[in-house]
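Visitor: I am new to this structure and would like to learn how to read it step by step. Could we look at it together?

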Amino acid sequence: MSLKLLSANHGAGLAATLAGRANRTGRGFCSGVYPITPSTECMEYLCLQEIEKGRVVKVESEHSAMAVCIGAAAAGARSFTTTSSNGLAYMAENCIAAAYLRLPVVMAVANRTIGPPWNIWADHGDALMLRDHGLIQFYCADNQELFDTVLAAFRLAEDPAVMMPAMVCMEGFILSHTVAQIDVPDQALVDAFLPTTTVPHRLGEAPHALGQIDLPHQTEMHRHQHLSAMNGAARVYAGIQDEFEHIFGRRLGDAVVPYRADDAETLIVSMGTIGATAERVVDQLRAQGQKVGALRVRLFRPLPSEAIRAWFAGKQRIAVIDRDVSLGFGGVLWGEVNSLADPGTVVQSYLAGLGGGDVRPEHIVNMLADLQPRKNAGHPAMMEAA
Amino acid sequence: MKNDLPREASASGLENLSLPLEVRVHGRGGQGGVTCAKLIASLYTQMGLHVQTFGDYGSERSGAPIQAFTRVDRQPISNRNKVYQPDHLIVLDEALMGPQVLSGTAAGALLLLNTRSRLDAFAGQFEDYRFGAIDATAIAREHGIGSSSVVIINTTILGAYARLLGVPLSALEKAYASLGLSGDLAAAEHAYDQVQIRDPRPETAGATARGATTWQPVLPPVLPLTEHHTDLPATLKTGTWSTQAPRYREHAAPCNQACPAGNDIRGFIQALKNEGADAAARVLLRTQALPSVCGRVCPAPCMQGCNREAFDGAVNIRSLERWIADHSDVTLERQSTDTPRRFAVIGGGPAGLSASYQLARRGHAVTLYDAGPGLGGVLRNGIPAYRLPPDVLQRDVDRIVSLGVDTRLNARLDRDALARLPDEVDALLLCTGLGPALKLGVEGETLPGVEQGLDFLDQAKQGQVTLQGRVVVVGGGNTAIDCARTALRCGATSVKLVYRRSREEMPAIAEEIDAAEFEGVRLVLQRQPVAFTGNGNVSAVVLAEVEPGAPDASGRRQPVVSSRTSTLDCDTVLLALGQGAMADVLPDDWQIRNGRVWRGDAALPVWLAGDCANGDGTVTHAIGNGRRTALAALSWLESGLDGGVPTGDKNGENPVAPGQIRFSHFDVAPPHRDKESPPSVRRNSFDECNHGLAGPEEAERCFSCGQCTHCDTCLIYCPEGVIARAGDGYRIDADYCKGCGMCVAECPRSAMEMHEKNKQEVSSCL
């Protein structure tokens with residue numbers, strides 16, 4: 001183990017490199033990459049690495065980058081890519097293909113506002129676009145968590161009971177470009193954590209096409225299998241947490257991260273770095289005697305509904321902060337968790353930090369001041385945070 | 001001046017550090033502000049502290065204001081917000097300094113400013129801060145960090161920061177090594193020594209950064225939840241972020257710069273391409289009196305300069321000029337002038353014809369004297385008909401004469417007549433060419449059968465020569481080649497050309513040498529005749545071997561004649577050794593100084609033009625010099641100022657180089673070659689053997705180096721879509737041009753450039 005000063009982008013690239021090397025006794029590593037701000041640094045880092053039995057392929061588009069990953073994973077290699085924003089939108093068709101082909105590709109997504117008009121800053125709306133099509137989604141809050149989650153994502157995606165792509169998301173610039181210490185494990189530890197990739201349905205000696213036509217009853221069966229695998233992924237993840245701790249000596253973050261939530265009357269629910277800011281607000285308000293707690297959703301797909309429901313039980317008010325908006329609806333996270341609260345709990349949607357606005361503790365304090373007198377949830381409320 | 005502070009203020013620098021610590025760096029894109037914050041983070045990492053550092057990225061373009069932040073603490077840092085209340089503020093660009101930069105910076109904070117001013121210039125300013133002033137730009141420039149236009153100062157200014165913190169310089173070493181910047185440590189040390197430091201005023205000295213009474217909170221407001229919906233966002237004029245802007249600017253074309261006649265080659269080719277031969281002729285005829293001639297016999301230095309040579313072969317410019325001359329009968333009209341002058345021009349060769357043409361078409365009275373029976377000089381009696389048919393020459397001569405030039409043929413002026421002429425006219429131009437042909441000065445040179453090549457060519461042009469047997473031509477210039485090829489046409493059994501240097505060193509036009517060999521002329525190189533022998537008629541030439549000797553002042557190796565000789569049998573020898581200086585025909589009291597004639601201390605209105613002035617030796621040089629001399633004389637008559645005769649039309653600007661052409665925007669298309677007669681029909685014929693181009697398509701190959709062709713590439717490549725067609729060109733919307741420079745980089749022909757915006761143009765908004 002050694003402490004390294006790395007940006008989250010470089011941390012993701014390094015985690016992928018270590019994971020790639022760990023598969024050197026198997027079918028190796030192959031990554032298709034194409035640059036887009038703010039994920040570019042991650043692919044640049046990857047391109048500069050020497051990976052035994054590995055190759056980083058620079059292609060002409062995000063769509064092709066994922067196509068390379070699909071080909072690599074279908075041939076049994078460990079595979080990784082990274083992108084952002086409209087790049088992810090362009091890649092989306094093949095992301096979905098990778099998911100329905102049940103290929104364990106891992107992606108680092110540096111979340112960026114979808115344009116036009118062009119905006120390079122953070123917004124979760126790009127990754128959330130893919131929430132319904134069979135990809136695992138993590139949202140991270142700091143460099144170490146991002147690094148650890150990328151490693152864990154390979155293990156989870158490649159688990160025979162899961163076998164699907166995993167996205168590890170970090171807010172563009174706020175996290176992707178922030179440099180901080182990362183505790184980087186030795187290769188031997190990563191080798192111990194990540195077994196050789198095995199894709200059961202990988203292309204072998206006999207040529208055949210993947211993803212040929214499905215009749216209705218077959219599709220029903222495939223969806224059922226995928227849904228079961230998704231639902232089982234949370235349980236698999238819990239096992240990976242234990243193994244991760246056993247090998248690396250630190251605990252991998254839970255699917256849902258509570259903060260002083262046990263006796264809280266009011267909960268702040270969010271994803272990504274806003275969750276870290278919410279924890280600072282909790283400390284501030286607790287010091288004033290207010291019973292406030294926070295919940296950070298790290299694993300968004302599969303959504304740990306039962307855990308969230310358990311944390312929601314008995315709460316009076318819940319503020320759900322989304323750095324995204326589902327137009328015509330409200331916050332995406334809010335829509336997901338709204339039904340998990342007790343009847344009578346006020347679950348209010350707040351939209352903040354859209355387009356990369358700096359969400360400060362004062363903003364969250366103001367939201368809670370808005371929430372406090374509410375008897376019922378109202379329309380989603382948008383807060384400007386320049 | 002060095003400060004009094006000890007260099008090793010503390011072992012680790014941690015003693016005075018109050019944690020958590022927040023650092024904010026202000027700079028402009030390209031100055032390295034984000035790396036500066038990373039280096040600071042790395043510095044504190046060496047002290048075993050937790051760090052977090054990030055940039056506040058705006059637009060990724062140079063010059064845009066940027067901020068970068070570093071947080072330091074003993075425990076992991078969970079604050080994900082920007083730094084609004086810095087304990088340390090580092091400003092890389094003094095021009096950014098203002099309330100917005102200082103916002104949130106409390107009394108007692110540390111302020112480090114990159115400035116050209118010395119500390120005492122800041123009396124009364126920043127007194128609440130521990131203030132450091134350093135000229136990091138000068139130090140970084142001295143240490144060669146960055147480029148001459150963009151000096152990168154981040155590594156330099158950190159030396160000053162370390163000094164302000166009181167940490168030893170050695171603490172920087174690991175930080176710099178971690179980012180591969182160890183080479184910049186010397187500059188950091190320089191700044192460490194040079195930084196001037198002033199402590200805060202006593203009343204604020206004890207105040208800590210946080211909670212100090214003078215602290216003005218300047219956090220951005222938190223708007224109520226209901227407010228923003230009705231606010232229309234202010235227009236974001238991204239053009240204000242840039243410090244550079246593109247503009248359209250014509251650059252010199254290499255062909256134009258290379259043309260001795262001063263022709264606008266790019267202009268006439270583009271006119272031919274876009275509007276046809278008549279439009280092209282109107283451009284060409286402004287400077288070129290003899291386009292039919294030059295389109296055939298010019299050595300075409302323009303083609304050697306052509307940028308297309310580095311791509312797929314130079315544009316066949318000479319033949320395009322010929323095509324225009326052969327396919328247009330346009331004549332530029334004689335203009336009228338309010339101050340008509342009288343000129344006498346002596347000599348009807350290329351220089352005299354060019355001078356007469358330029359003066360006559362401007363409405364002046366010109367009398368052109370020539371000693372021969374027709375106009376043209378060397379064009380008429382020197383250049384063989386197979387290269388320049390007489391009717392072609394006559395066409396150009398007729399165009400000149402038709403402008404009203406009064407021609408006096410068979411008029412050889414003696415000294416007295418010359419001496420009188422300046423009183424009869426306003427100005428006199430002497431264009432009498434070179435003097436008599438040079439001789440070898442060796443034994444047997446006077447034998448019958450040893451002739452001067454120029455005489456031979458003159459007689460051949462009049463159809464008065466038949467040759468038999470073996471001919472030896474001596475010389476390596478165009479006259480020698482003309483003699484050799486003419487000898488073949490006059491019946492010679494064999495022709496050998498003897499030259500004392502190598503083929504590459506022959507002054508003749510390369511294509512002419514090729515044509516001579518193609519027709520059967522044999523080159524005998526590195527040989528020098530040392531004697532001619534024969535009983536009665538010459539029957540052999542004794543050749544000595546020549547070795548290249550030491551280079552002369554021009555770098556050309558001087559031939560050294562050895563004693564090893566051989567004999568070459570022959571029946572005729574033609575000498576083509578060049579011509580001497582102008583014959584001594586001037587009145588006794590005329591002296592030549594700087595191309596002009598003087599009598600004692602008085603400048604006479606008499607100029608020399610063409611070969612007799614400078615001996616450049618090509619038709620094209622003579623045409624250019626004739627024009628420029630005529631215009632200089634005219635200018636002197638009108639203004640009384642003697643600006644001299646310029647040697648060319650160059651304006652001192654470097655022409656567009658191949659590296660400035662975007663070859664990738666052009667398709668490979670080899671040059672269109674001239675149609676040539678086969679050797680079988682050339683041998684006994686003086687018919688023109690080069691038939692020029694089949695059509696004007698060669699003009700399509702011109703890159704138009706340095707001149708906009710309205711190809712729309714800039715418009716197509718502009719990522720902001722702010723370039724639009726307007727009038728005869730393009731308009732760039734400065735409000736939204738980010739100054740990325742893509743249009744300039746993509747311009748296929750270097751017809752654009754970037755320029756630094758001035759202070760009014762640059763917004764210093766944050």
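Visitor: Which domains does the domain assignment give for chain A?
Guide: Before that, please note that this is a predicted model, in which local features need pLDDT of at least 70 and side-chain atom pairs count only at pLDDT 80 or more, while totals for chains, interfaces and linings use all residues. Residues are numbered from 1 along each chain as its sequence is written, and chains are lettered from A and ligands numbered from 1 in the order in which they are written. Domain bounds come from an automatic or database domain assignment, and for chain A this gives domain 1 (2-248) and domain 2 (256-383). The centres of domain 1 and domain 2 of chain A, taken over C-alpha atoms, are separated by 28 Å.

Visitor: How many residues does each domain of chain A bring to the contact?
Guide: Two residues are in contact if their C-beta atoms, placed from the backbone, lie within 7 Å. Here domain 1 of chain A contributes 26 residues and domain 2 of chain A contributes 20 residues. On the side of domain 1 of chain A that touches domain 2 of chain A, the largest share, 5 residues, comes from α8(A), where helices (H or I, at least four residues) and strands (E, at least two) are DSSP runs numbered from the N terminus.

Visitor: In what order do the 9 strands of the open sheet lie?
Guide: Two strands pair if DSSP finds at least two bridges between them. The order is β1(A)-β8(A)-β2(B)-β3(B)-β1(B)-β4(B)-β5(B)-β6(B)-β7(B), with mixed pairing. The edge strands, each pairing on one side only, are β1 (2-7) of chain A and β7 (196-198) of chain B. Strand β8 (residues 179-184) of chain A is joined by 2 bridges to strand β2 (residues 50-56) of chain B, and these two run antiparallel; in β2(B), B:Thr53 stands opposite A:Val179.

Visitor: At what angle do helix α1 and α6 of chain A pack?
Guide: Axes are lines fitted to C-alpha atoms, for helices over the stretch in contact, and angles run from 0 to 180 degrees between N-to-C directions. Helix α1 (residues 8-22) of chain A packs against α6(A) at about 30 degrees, with the axes 9 Å apart. Angles under 35 degrees count as roughly parallel, over 145 as roughly antiparallel, 65 to 115 as roughly perpendicular and the rest as oblique, and α1(A) and α6(A) are therefore roughly parallel to each other. Among the residues making the contact are A:Gly11 and A:Ala15 of α1(A) and A:Phe147 and A:Val150 of α6(A).
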